[in-house]
Each structure stands twice: as structure tokens, then as C-alpha cells.
Amino acid sequence: ILDVWIAYDPAGFAFVEYSTVEEATNALNAKHKTECFGTEVRVEFTERRSAREDDDSKPRLFIGNIKDPVEKENIRSVFEEFGDVTDVWIAHNPPGFAFVEYNTMEEATRAVEACNGKERFGGPLKVQITKGKKKVPTATLR
């Protein structure tokens, strides 16, 4: 396991990063639909990002505590005020969070400073800088 990212708001899922596809496949086969922490877990592969988007040098923001239904355009319109938004990804199952990618760390930092804790999309947003997505297999535990 190279990395683990656990969601706390909303809770109920995590991303586990493996060094090889074989390791990720073994984890999926061993843990999908098994009991973990008192509930049945669903393990799936996340979608690979295109080569253009799979750039570790671009800072990504985690946007949590989204209560209202939103579309990419809603998220983009709020966050492009702080710089050039290169990508927006919104979670739908479970809903409540999104990722926004910028070209520079300065843009991302401005967005965190301006938006973290601010009321948007039905609740006070949790906005933080995440690590860039690496070019290795990742399995999602839900």
C-alpha cells in the first residue's frame, strides 16, 4: 500500500493506493462484499484519468460538506475566481464532495483561504489541498 485517503465528511469511503495493478486486484478480490468495521464494504477501481490530467504538479483541492445538489459548472463558477480551474470532479455515490484542480499552488492556496469554512452549497465548506494523483492503481473502499 502506497497511500490511504479516508473521507471524514462525508464519512463512509476511502481511497487505497497500490503500487501495482496485481496488488490492487488482489485486494479487490479479497475484500469486495466482505464485512469491515461492522458493515459490508464495496471495493471498486477508480477511473483512470487521462494522461493530460494525470499530472502530479497540479494542485488539487478537496471540497467537502457539499449539502445541495451541484453540477461541475456550479463548483467551477465559485472556484475560478481564484485562478484557472483545469478540472472539476464531483462525487455522486456517495455525494457531498468534489475535487478542483488548479495550474498553480498560489491559485489553490487563495481558494483554500477564501472558501474554507464559508457557507456554500448548503453548508460550511471544508476546503483543503490534497496530494496530486499518482500514476499507480487505486482501489476505492466504500
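These legends describe one overview and two close-up views of a predicted model.

**Figure 1. The whole chain in overview.** The chain holds three helices and twelve strands. Both are DSSP runs, numbered from the N terminus: helices are H or I with at least four residues, strands are E with at least two. Of the 142 residues, 42% count as buried. Buried means under 20% relative accessible area, exposed means over 50%, and partly exposed lies in between (1.4 Å probe, protein chains only). Take the contacts between residues at least 6 apart in sequence: 64% of them join residues at least 24 apart. A contact means heavy atoms within 4.5 Å.

Figure 2. Thr-130 counts as buried because its relative accessibility is 15%. Leaving out residues up to four places away in sequence, Thr-130 touches Arg-60, Leu-61, Phe-62 and Phe-99.

Figure 3. The loop lies between β7 (85-92) and β8 (95-102). Pro-94 has a relative accessible area of 24%, so Pro-94 is partly exposed. Gly-12 is 82 residues from Pro-94 along the chain. The C-alpha atoms of Pro-94 and Gly-12 are separated by 8.2 Å.

**Notes on the model.** Residues are numbered from 1 along each chain as its sequence is written, and side-chain values use heavy atoms, with hydrogens and water left out. In this predicted model, local features need pLDDT of at least 70, side-chain atom pairs count only at pLDDT 80 or more, and totals for chains, interfaces and linings use all residues.
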